[in-house]
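My entries follow the display.

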Amino acid sequence: MSEILSICELGNPVLRSYAHPIENIWEEPIQTLIDNLIVTASQANGVGIAAPQVGMSDRLFIIASRPTLRYPNAPLMEPTAMINPKIISHSPQIVKDWEGCLSVPGIRGLVPRYQTIEVEYTSREGKICHQELTSFVARIFQHELDHLDGIVFLDRVESTQELITEAEYQKRLVDSAE
């Protein structure tokens with residue numbers, strides 16, 4: 001039975017630490033952590049979550065893009081565990097868009113990210129995967145990879161003028177839909 005985990009918030013030292021590579025993906029605690037991350041992200045309306053966000057310093061995150069209250073226009077994909085992930089290459093094009101974070105509640109920032117990235121990771125079944133990710137899913141990958149390196153999205157915002165509250169962001173979503 002999967003368990004909803006407590007999410008660490010900004011100020012918790014684990015969020016500023018470099019996460020350790022996973023040596024044995026078959027260990028029960030790693031497989032259980034994957035299941036728990038999936039349910040935790042879903043319950044929190046997240047489109048991704050990294051192990052450090054639940055206090056575990058492991059190089060593992062989940063990408064679970066789907067439309068939510070926080071990201072109503074997100075594409076739908078199956079939750080995917082990415083173990084020891086890395087970016088192999090990226091497009092020169094950088095795009096700014098709004099990001100939030102389960103570990104930084106109540107704030108959104110305009111964050112520059114690569115539009116297209118080529119990535120490598122190990123699946124929960126032990127397969128080495130290579131993928132090209134674009135747009136929103138590429139943004140999620142870069143955001144979650146930052147968590148594994150002790151970086152939060154606030155570190156990437158170019159100006160404090162590009163920070164807003166979650167309430168203001170939601171208001172803008174409603175206004176733009178009308």
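These notes take the sheet, then the helices, then the pocket.

I am working on a predicted model, where local features need pLDDT of at least 70, side-chain atom pairs count only at pLDDT 80 or more, and totals for chains, interfaces and linings use all residues. Numbering starts from 1 along each chain as its sequence is written, and side-chain values use heavy atoms, with hydrogens and water left out.

Sheet. I looked up the strand order and found an open sheet of 3 strands, β4-β5-β8, paired antiparallel. Because β4 (94–101) and β8 (163–165) are edge strands with a single partner each, one side of each has no neighbour in the sheet. I noted an average twist of 25° from one strand to the next. Strands here are DSSP E runs of at least two residues, helices H or I runs of at least four, numbered from the N terminus; pairing takes at least two DSSP bridges between two strands. Between β4 and β5 (residues 104–114) I found 7 bridges, and Lys96 has Pro112 in β5 as its bridge partner.

Helices. I checked α2 (residues 135–148), which lies across β4 and β5 at about 60° to β4. Helix α3 (residues 166–177) touches β4, β5 and β8 (contact: heavy atoms within 4.5 Å), and its direction makes about 85° with that of β8. Angles run from 0 to 180 degrees between N-to-C directions, on axes fitted to C-alpha atoms, for helices over the stretch in contact.

Pocket. I listed residues lining the largest pocket, among them Ile94, Pro112, Gln142 and Arg156. Both β5 and α2 supply at least two lining residues each. A pocket is an open set of points on a 1 Å grid over the protein atoms alone, where a 1.4 Å probe fits, with protein on both sides within 12 Å along at least five of seven lines; lining residues have an atom within 4 Å of a point.
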